[in-house]
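This report is meant for a reader who has not seen this structure before. Please look over the sequence and the model first, then read the sections in order.

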Amino acid sequence: MHSTQLLIKSILKYPLLVVLTVLLGFSGAIFNGVGTLLILPVLLELLGQASEFKQNFPPLLRVFLDAFDAVPESYRLLAMAGSIFAMILLKNLSSYSSSLVSGTLNRKLATSMRRDGLRILLDVDLDFYSKSRVGDLINHLNIEVSRTTIAVRNIIKLATVVITIGVSLILLVVISWQLTLVSVITLGGVSMLNKTVIKRSKQLGRRLSELSRAYSARVFEIISGIRLVKATANEDREYSVLDQLILEREQAEFKSQLIFSGIAPFNEVANILALLATAALGRSLFSEQLAYFSSVLLTYLILLFRTMPYVGQLNGLRSNLANTAVSVEIISQFLRRDDKPFMAQGNLPYKPLQAGIRFHRLSFQYPNHDKWVIKDVDLYLPKGKTLALVGSSGAGKSTLADLLPRFYDPNHGQIELDGIDIKEINIQSFRRNLGIVSQDTFLFNASVRDNLLYGRPDATEEDLLDAAKRANAYEFISRLPQGMDTIVGDRGVMLSGGQRQRIAIARALVQDPDILILDEATSALDTISERLVQRALEDLSKQRTTLVIAHRLSTIQKADQIAVLDEGRVVETGTHLELLQKSGAYAKLYAMQFTESHKENKAAANGARAHKSMIAKSSYELRSQLNAMIGVLGLLSDSDDDVAGEQEELTQSAYAAALDMLSVVESLEREEGKLPPPVVNPVNTTHLNNPPPSQTAPSKTDLSKTDLN
């Protein structure tokens with residue numbers, strides 16, 4: 001959209017207000033002109049010279065004076081003075097009404113532009129944000145929109161001023177075309193001199209816009225990264241940068257003020273000179289008709305003098321328009337939709353998944369990039385199953401996951417839901433049934449309740465409590481100062497990383513999505529938080545179609561299918577054990593994460609078997625110690641209370657067995673960080689009833705003392 005088109009479109013958006021503003025301006029011009037013409041006759045009437053000069057009045061003025069002939073002479077002066085007062089009152093009333101209408105138009109235009117801008121920001125694809133600075137966008141919606149509406153208001157005001165000058169000019173021509181010609185030449189010269197000022201004003205307007213954008217963007221970045229600023233002790237440096245921007249903007253504003261403040265006195269001096277030139281030239285033109293010249297010149301000069309301020313306004317408005325022209329260009333570019341990426345909307349409503357999701361020969365590259373991030377990917381995710389994407393950094397995992405919610409569309413291939421191309425499905429109805437939990441959890445600066453309700457505003461209190469409990473978040477939420485109504489701060493800064501993740505999971509549970517995307521949701525958490533979040537994620541994933549992006553292979557071993565990506569291609573698929581047995585790319589990734597603590601495992605498959613053997617061995621050891629301790633405790637309970645020595649010996653035996661069990665548990669805990677889950681419950685009845693053949697089974701005496709089933 002060209003800047004002129006934006007101005008025209010904005011003006012035509014509210015035609016009634018525009019027409020009303022112009023009509024009021026025209027009325028004010030008429031009232032001003034008529035009132036001005038009557039000033040001289042009233043003055044002459046007061047001086048008692050009206051009848052003497054009446055025959056020398058300009059024809060137009062005699063027309064107005066003849067209207068008062070019907071008024072008795074004793075009341076004629078009062079009637080003429082009252083008419084002047086009425087004209088001036090009507091003129092100011094028109095100006096006041098025009099100002100109110102113009103202000104209303106200005107507010108509506110600002111609201112309309114901001115709405116259009118917000119609609120674009122919400123509809124545009126993510127690729128737009130990768131190329132834009134958030135600070136610039138905020139500056140567009142605030143500063144530049146305000147300056148643009150000022151430009152539109154000035155255009156309408158300019159039209160009103162032009163109409164006023166036009167009406168006055170017609171009256172001046174009727175009074176004396178010769179004097180008008182002189183006035184136009186002199187005042188035209190003043191306008192030509194203003195061109196230099198207008199050019200300079202436009203340059204300063206551009207500079208102000210640039211500095212405003214730079215300042216807004218920098219402030220936003222500093223506030224967003226305030227932790228980094230403080231962590232690197234860069235407060236003084238950032239302050240210096242902002243201080244310099246403030247000073248430069250202050251200097252640009254000062255220069256603009258110099259120009260704007262100088263326009264009025266310059267025009268006033270020029271206008272006085274123009275009046276003197278007109279009077280001098282008029283005297284030479286009418287030197288032989290001095291009586292006629294006096295009445296004509298006085299009437300002409302009074303009307304011209306009343307017109308001069310509007311000429312000054314005209315020059316000032318031209319300068320203001322030049323100063324805001326850059327903002328008009330910026331907003332016209334910002335409100336364009338033809339140069340921005342928008343996702344095409346499908347017509348079909350989303351229906352709950354029946355069969356599954358198929359990624360069919362997908363290839364994708366980011367806009368304006370040559371590298372293919374996804375290359376010919378074929379995958380199938382059945383309903384209710386979990387598909388995990390693994391691979392090294394840059395393999396394309398997150399990009400592939402971003403294609404499912406249509407953050408981007410593939411360049412080739414398609415994603416099908418139950419055989420229907422995802423592009424044919426209404427994007428909003430689909431996303432409402434899609435839940436995403438990522439590593440970078442975003443929470444609004446609102447209450448816990450508001451954050452939980454964001455995905456489903458109509459959820460009940462019972463829904464919130466149930467989701468919080470299932471996400472292992474209810475306990476810490478109940479300990480917050482105001483519970484559910486506690487404000488979590490900007491991006492949830494008042495909460496820990498694990499707490500933010502659990503609220504995000506609870507939010508997804510409240511939303512109750514049909515399809516779930518988990519994007520490395522636990523990779524940045526400590527061990528305790530990871531366990532709690534992982535437990536909540538497992539509950540969230542139950543009976544849902546889930547796509548998981550995993551960096552830690554320990555979190556996806558229960559996945560129904562694992563796809564290994566390398567440089568955008570799927571190189572392996574299968575379950576955890578199947579992929580380990582292949583000793584391929586997945587086994588290498590597995591070895592990189594776990595082999596340091598299992599150097600005895602030369603291959604990933606052997607590592608898995610060794611893991612099972614270690615668990616079985618530890619389980620047997622625990623079972624043996626537990627059997628011994630329970631047997632001792634049984635004897636202790638059956639022993640005679642009077643045999644104190646026997647009780648003490650049995651108690652020490654039980655204590656020793658408990659210490660042995662603790663040693664085994666500690667050994668398991670040390671190994672836990674090196675061995676992949678799932679963590680096997682030490683007291684597992686299957687292992688207790690089926691001890692490893694390599695170990696010696698406990699005696700019948702021990703087994704007779706207890707039945708762990």
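## Basis of the model

This is a predicted model, in which local features need pLDDT of at least 70 and side-chain atom pairs count only at pLDDT 80 or more, while totals for chains, interfaces and linings use all residues. Residues are numbered from 1 along each chain as its sequence is written, and side-chain values use heavy atoms, with hydrogens and water left out.

Helices (H or I, at least four residues) and strands (E, at least two) are DSSP runs, numbered from the N terminus.

## Nonpolar cores

A nonpolar core is a set of buried Ala, Val, Leu, Ile, Met, Phe, Trp, Tyr and Cys residues joined through side-chain atoms within 4.5 Å. Buried means under 20% relative accessible area, exposed means over 50%, and partly exposed lies in between (1.4 Å probe, protein chains only). The largest nonpolar core has 48 residues, and those that touch the most other members are Met 113, Val 152, Leu 304, Ile 331, Phe 334 and Leu 335. Two or more residues of this core come from each of helix H1 (3-13), helix H2 (15-37), helix H6 (73-123), helix H8 (134-175), helix H9 (177-224), helix H11 (235-285) and helix H12 (290-334). A second, separate core has 42 residues, including Ala 388, Leu 443, Ala 473 and Val 510.

What is Leu 335 in contact with, leaving aside its neighbours within four places in sequence? Its partners are Leu 6, Met 113, Asp 116, Gly 117, Ile 120 and Lys 340, where contact means heavy atoms within 4.5 Å.

Two packed helices are described by the angle between their axes and the distance between the axes. Axes are lines fitted to C-alpha atoms, for helices over the stretch in contact, and angles run from 0 to 180 degrees between N-to-C directions. Angles under 35 degrees count as roughly parallel, over 145 as roughly antiparallel, 65 to 115 as roughly perpendicular and the rest as oblique. A crossing is left-handed if the near helix is turned anticlockwise from the far one by less than a right angle, and right-handed if clockwise.

The axes of H2 and H8 cross at roughly 30° and come within 9 Å, so H2 and H8 are roughly parallel to each other. The crossing of H2 past H8 is right-handed. Residues that meet there include Val 18, Gly 25 and Leu 37 in H2 and Ile 156, Val 167 and Ile 175 in H8.

H2 and H6 pack with their axes 8 Å apart, at an angle of about 160°, and are therefore roughly antiparallel. H2 passes H6 in a left-handed crossing. Among the residues making this contact are Leu 17, Leu 24 and Phe 31 of H2 and Ile 84, Ser 94 and Leu 105 of H6.

## The six-stranded sheet

Two strands pair if DSSP finds at least two bridges between them. Six strands form an open sheet of mixed pairing, in the order E6-E7-E8-E3-E9-E10. Strand E6 (434-438) and strand E10 (569-574) are the edge strands, each pairing on one side only. From one strand to the next, the twist averages 15°.

Strand E3 (residues 386-390) runs parallel to strand E9 (residues 561-566), joined by four bridges. Ala 388 has Ile 562 as its bridge partner in E9, and Leu 389 stands opposite Ala 563. E3 is also parallel to strand E8 (residues 545-549), again with four bridges, and Leu 387 is the bridge partner of Leu 547 there. Five of the five residues of E3 are buried, so E3 is largely enclosed by the rest of the structure. Thr 386, Ala 388 and Val 390 point one way from the strand, and Leu 387 and Leu 389 point the other way.

Strand E1 (residues 356-364) and strand E4 (residues 412-417) run antiparallel and are joined by five bridges. Arg 358 has Glu 416 in E4 as its bridge partner. Arg 361, also placed in E1, has a positive phi near 50° and is not a glycine; its relative accessible area of 47% makes it partly exposed.

E4 pairs with strand E5 (residues 420-421) over two bridges in the antiparallel sense. These two strands form a hairpin with two residues between them, and Asp 418 in the turn has a positive phi of about 55°. Asp 418 is partly exposed, with a relative accessible area of 30%.
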